Amino acid sequence: MDIAAEHFVSNTIMRRFGAIFDSASSATFPKNVIAGTPTGSFHEIGTMALSIAVQRRGIGVTYLGVNVPPQSWIEAAQRSNTVAVIISVVMPNDAKAAQDCIDFIKAERPRLFIAVGGAAGALTKGADLVLDGSIASCSKELSEILNKA
């Protein structure tokens, strides 16, 4: 599949995911997480799928999208009842930017729970949780942890 075809399929999936996500976003949730990808990362299908699954488990999600710089995570967390962040680390070359986000968040908001997911999530250090598994198992694990907090 060439790049144009890949982008066409990805955009079709994201439009459908967006509609599903928006249909659950109108609910009021007692806890909220923010989710996205770090600076320079543009692979978001897994992040959106996890966001939908987390919302279906009763935790609100503010979806920040792609290419989110470290300071923006803090600003977004301050605008909502954020108890955690989910940083998607899809490609190995996303790990440095994700690490910068983790380090910045830990310095600015040390009690904010940080989860990393994606194929390269294990390349980072300092997160409270590395999500490793299916979307269903990761959303279950994260929601169980956050509902205990």
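**Overall size and make-up**

The model is a predicted one. Its secondary structure comes to 5 helices and 5 strands.

**Whole chain**

- Along the principal axes, the C-alpha atoms of the chain fill a box of roughly 45 × 35 × 25 Å.
- Of the 149 residues, 42% count as buried.
- The chain exposes about 7800 Å², and carbon and sulfur atoms supply 56% of that area.
- When contacts between residues at least 6 apart in sequence are considered, 74% of them join residues at least 24 apart.
- Read from the N terminus, the elements follow the order α-β-α-β-α-β-α-β-β-α.

**The sheet**

- An open sheet is formed by 5 strands, arranged in the order β2-β1-β3-β4-β5, with parallel pairing.
- Its edge strands are β2 (60-68) and β5 (129-131), each of which pairs on one side only.
- On average, neighbouring strands of the sheet are turned by 20° against each other, with direction ignored.
- Strand β4 (residues 113-117) runs parallel to β5 and is joined to β5 by 3 bridges.
- Val116 stands opposite Val130, a residue of β5.

**Helices on the sheet**

- Helix α4 (residues 95-108) packs on the sheet and touches β1 (32-38), β2, β3 (82-88) and β4.
- The direction of helix α4 makes about 165° with that of β3.
- Helix α5 (residues 135-148) lies across β1, β3, β4 and β5.
- Relative to β5, helix α5 runs at about 155°.

- Gly58 is located in the loop that lies between α2 (45-56) and β2.
- Gly58 counts as partly exposed because its relative accessibility is 32%, a value in between the cut-offs of under 20% for buried and over 50% for exposed.
- Leaving aside residues up to four places away in sequence, Gly58 touches Phe29 and Pro30.
- Gly58 and Asn147 are 89 residues apart in sequence, while their C-alpha atoms are 9.2 Å apart in space.

Terms used
Residues are numbered from 1 along each chain as its sequence is written. This is a predicted model: local features need pLDDT of at least 70, side-chain atom pairs count only at pLDDT 80 or more; totals for chains, interfaces and linings use all residues. Side-chain values use heavy atoms; hydrogens and water are left out. Two strands pair if DSSP finds at least two bridges between them. Helices (H or I, at least four residues) and strands (E, at least two) are DSSP runs, numbered from the N terminus. Axes are lines fitted to C-alpha atoms, for helices over the stretch in contact, and angles run from 0 to 180 degrees between N-to-C directions. Contact means heavy atoms within 4.5 Å. Buried means under 20% relative accessible area, exposed over 50%, partly exposed in between (1.4 Å probe, protein chains only). Accessible areas come from the Shrake-Rupley method with a 1.4 Å probe; for residues, only the protein chains shown count as cover.
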